[in-house]
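Subject: Structure handover

Hello,

Here is the structure I promised you. Please open it and keep it beside this email as you read.

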Amino acid sequence: TDLPRSPPAAAEPRHASPAAPRRLREKLRTAARMAGPPARTAPGARQQGQGGEGRPEPATGATPARETRAPFRFDYERFRRSLRHPVRGGRAGEDPETRARRMKIKEMMKFAWDNYKQYALGKNELRPLTKNGHIGNMFGGLRGATVIDALDTLYIMELEEEFQEAKKWVEKSFDLNVNGEASLFEVNIRYIGGLLATYYLTGEEVFKSKALELGEKLLPAFNTPTGIPRGVINLGRQDTRSFFSPCSGMSWSWGWASAGSSILAEFGTLHLEFLHLSELSGNPVFAEKASASHLVLNRVEKPQGLYPNFLSPVTGNWVQHHVSIGGLGDSFYEYLIKSWLMSDKKDLEAKKMYDDALEAIEKHLVKKSAGGLTYIAEWRGGILDHKMGHLACFSGGMIALGAEGAGEERRQRHMDLAAEITSTCHESYARSDTKLGPEAFRFDAGSEAMATRLSERYYILRPEVVESYMYLWRLTHDPKYRQWGWEVVKALEKHCRVEAGFSGIRDVYTTIPTHDNMQQSFFLAETLKYLYLLFCEDDVLSLDDWVFNTEAHPLPVNHTNFKAAVQQ
């Protein structure tokens with residue numbers, strides 16, 4: 001299934017994949033013994049993984065970046081001079097109401113952070129009802145997901161004291177010497193994305209060094225016959241593999257993924273971060289690994305021009321024909337258009353892949369309900385499922401962003417489509433009793449933009465709707481987007497704010513909601529950041545200078561080449 005059957009009690013993946021099943025330790029020891037001793041290879045040599053579908057693979061090809069690193073330095077000062085706008089903007093000419101609303105969102109961020117710091121600092125998320133921390137099993141033993149996710153938001157909001165608290169934790173307590181099963185996707189978008197963004201915003205070396213060290217730990221996931229990474233990686237170093245941790249540096253596919261496949265939204269959501277890892281390290285291996293998927297995807301035949309969600313990392317073929325712009329597919333499309341934007345519009349391959357994909361989506365998946373609401377259906381082997389997930393509501397903002405690079409007729413069509421989808425997602429909020437949207441909503445059996453299944457009625461502080469409000473505001477300045485965003489602020493305050501933080505709710509259709517006792521890290525990274533930016537001037541994290549990764553961490557547009565040679 002592509003969505004959990006009940007509200008999750010832990011950190012939630014962007015695409016809502018279930019947690020990977022725990023492997024029996026004895027099975028892993030057996031796999032490690034079969035793998036034999038770690039092989040040593042020449043720096044930069046390309047590797048292919050061993051083994052069949054779904055089986056853990058030894059990390060024989062992850063050459064540490066330090067072995068291949070060319071002597072160079074990243075010229076941070078030159079990078080900062082290349083920015084066209086001050087990072088925090090100029091604050092000129094705003095009206096008092098807009099400022100007051102922005103200050104309210106800043107207060108919400110401080111409240112969320114202060115309670116996390118008091119009750120859960122160093123854990124991955126805060127449980128605000130029980131006033132304790134939650135670790136979960138998604139990050140392979142890494143801690144402090146909320147710290148890393150919150151850093152750039154604290155900085156942009158000028159919460160200076162709180163930012164220094166978070167920075168101190170990274171310096172003193174953020175341990176990368178861990179050994180456990182991690183989601184490649186989640187570690188990349190939250191940890192690497194957050195560290196990279198904070199380095200670019202501040203120039204503090206600790207964030208860069210942690211990002212590069214963690215990036216090296218992800219490389220073994222790419223050791224497959226196709227170069228398409230597997231979804232789960234053990235973060236332990238291969239050369240420290242022991243009887244008690246036999247799977248260090250090994251990767252495998254999610255147990256629930258069909259026939260050992262990799263997930264489109266996972267292997268397709270690495271490009272932005274990995275290009276910046278290469279930019280900062282001087283090591284091309286990161287960019288090469290992340291770019292391999294485009295080669296495979298351009299070669300494989302697409303049904304009706306669509307990209308199914310499951311691909312074999314062994315054969316490079318589709319495993320089943322389920323297409324979704326929401327869970328399991330979403331950020332693949334997002335990273336295509338953002339790769340083009342981040343390259344200063346030079347990555348024409350990514351732009352063509354995006355244009356072709358959107359054309360197929362328009363032709364086969366975009367529908368209009370009897371009540372006039374535009375939505376993007378899911379596709380299962382040619383049969384449409386007339387629903388949208390909350391996750392798919394990011395697409396309004398994405399389509400608006402992508403319209404900039406189109407001809408006049410197509411640009412207007414895409415801007416109209418973006419506005420219509422965003423309006424439909426707003427309706428999913430407006431038609432609930434809490435004015436917050438459900439996890440998924442349907443267009444069948446006479447119901448429109450409402451959840452019709454009990455398992456889809458929850459809201460876990462997700463950001464995708466306000467993300468689209470922010471982009472549509474920036475690109476149109478239609479005041480309704482700010483008004484809709486303020487409605488969300490009021491609903492969060494009324495229904496999700498509790499004594500010690502913010503909590504998701506289990507049913508958006510009752511005004512006496514049951515809380516799920518989880519303050520997701522992405523609430524601080526995304527939801528509050530996008531709401532804050534909605535009430536900022538356009539020069540705060542200007543879209544001229546920055547591209548947001550799928551966890552809302554800002555990465556710079558490559559206006560120029562910032563690498564400078566250093567004499568040996």
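A charge sits over a ring if NZ of Lys or CZ of Arg is within 6 Å of the ring centre and within 35 degrees of the ring normal. Keep in mind that this is a predicted model.

**Charges over rings**

Start with arginine 497. Its charged end sits over the ring of phenylalanine 111, 3.8 Å from the centre of that ring.

Arginine 88 lies over the face of tyrosine 155, and the distance to the ring centre is 3.9 Å.

**Salt bridges**

Side chains of opposite charge can pair when their charged atoms come close. The count here comes to 32 salt bridges. Which residue pairs with arginine 190? The partner is glutamate 551, and the closest N and O atoms are 3.9 Å apart. Arginine 190 lies in helix α7 (residues 184-202), while glutamate 551 lies in the loop between β20 (546-548) and β21 (554-556). The pair therefore ties together parts that are 361 residues apart in sequence. Arginine 190 and glutamate 551 are buried.

Next, find aspartate 385. It forms a salt bridge with arginine 442, with 3.4 Å between the closest N and O atoms. This pair also links distant parts of the chain. Aspartate 385 is in strand β14 (residues 383-385) and arginine 442 is in strand β16 (residues 440-444), 57 residues apart. Both residues are buried. They belong to a network of salt bridges as well, which links Glu378, Arg380, Asp385, Arg442 and Glu456.

**The loop between β20 and β21**

Go back to the loop that holds glutamate 551. Threonine 550 has its place there. Is threonine 550 buried or exposed? It is buried, with a relative accessible area of 0%. Its side chain makes a polar contact with the side chain of glutamate 334, at 2.8 Å.

Alanine 552 is in this loop too. It is buried, and its relative accessible area is 0%. Look at its backbone: alanine 552 is not a glycine, yet its phi is positive, at about 65°. Most residues other than glycine have a negative phi, and most peptide bonds are trans.

Glutamate 158 is another non-glycine residue with a positive phi, near 60°. You will find glutamate 158 in the loop between α5 (145-156) and α6. At 34% relative accessibility, it counts as partly exposed.

**Aromatic pairs**

A pair of aromatic rings is described by the distance of the centres and the angle of the planes. The count comes to 31 aromatic pairs. Take tryptophan 113 and tyrosine 116. Their ring centres are 5.6 Å apart and their planes are at 45°, so the pair is tilted. Why are they separated by about one helical turn? Because they are three residues apart in helix α4 (residues 96-120). Both tryptophan 113 and tyrosine 116 are buried.

Now take phenylalanine 163 and phenylalanine 207. Their ring centres are 6.4 Å apart and their planes are at 50°, so this pair is tilted. Phenylalanine 163 lies in helix α6 (residues 160-173) and phenylalanine 207 in helix α8 (residues 205-218). The pair therefore ties together parts that are 44 residues apart in sequence. Phenylalanine 163 is buried, at 3% relative accessible area. Phenylalanine 207 is buried, at 0%.

Some rings gather in a group. Phe74, Tyr76, Phe79, Tyr199, Tyr200 and Trp546 form one aromatic cluster.

**Helix α10**

Last, look at helix α10, which spans residues 271-281. How many of its eleven residues are buried? The answer is ten, so the helix is mostly covered by the cut-off of under 20% relative accessible area. Among them are His271, Phe274, Leu277 and Ser281. Just after α10 comes glycine 282, with a positive phi of about 75°.

Best wishes

Methods. Residues numbered from 1 in each chain as written. Predicted model: local features only at pLDDT ≥ 70, side-chain atom pairs only at ≥ 80, totals over all residues. Heavy atoms only, no water. Buried < 20%, exposed > 50% of the residue type's maximum accessible area, 1.4 Å probe, protein only. Helix = DSSP H or I, 4+ residues; strand = E, 2+ residues; numbered from the N terminus. Phe/Tyr/Trp six-rings, centres within 6.5 Å; stacked < 30°, edge-to-face > 60°. Salt bridge = Lys/Arg side-chain N within 4 Å of Asp/Glu carboxyl O. Polar contact = N/O pair within 3.5 Å; in protein donor to acceptor, adjacent residues only side chain to side chain.
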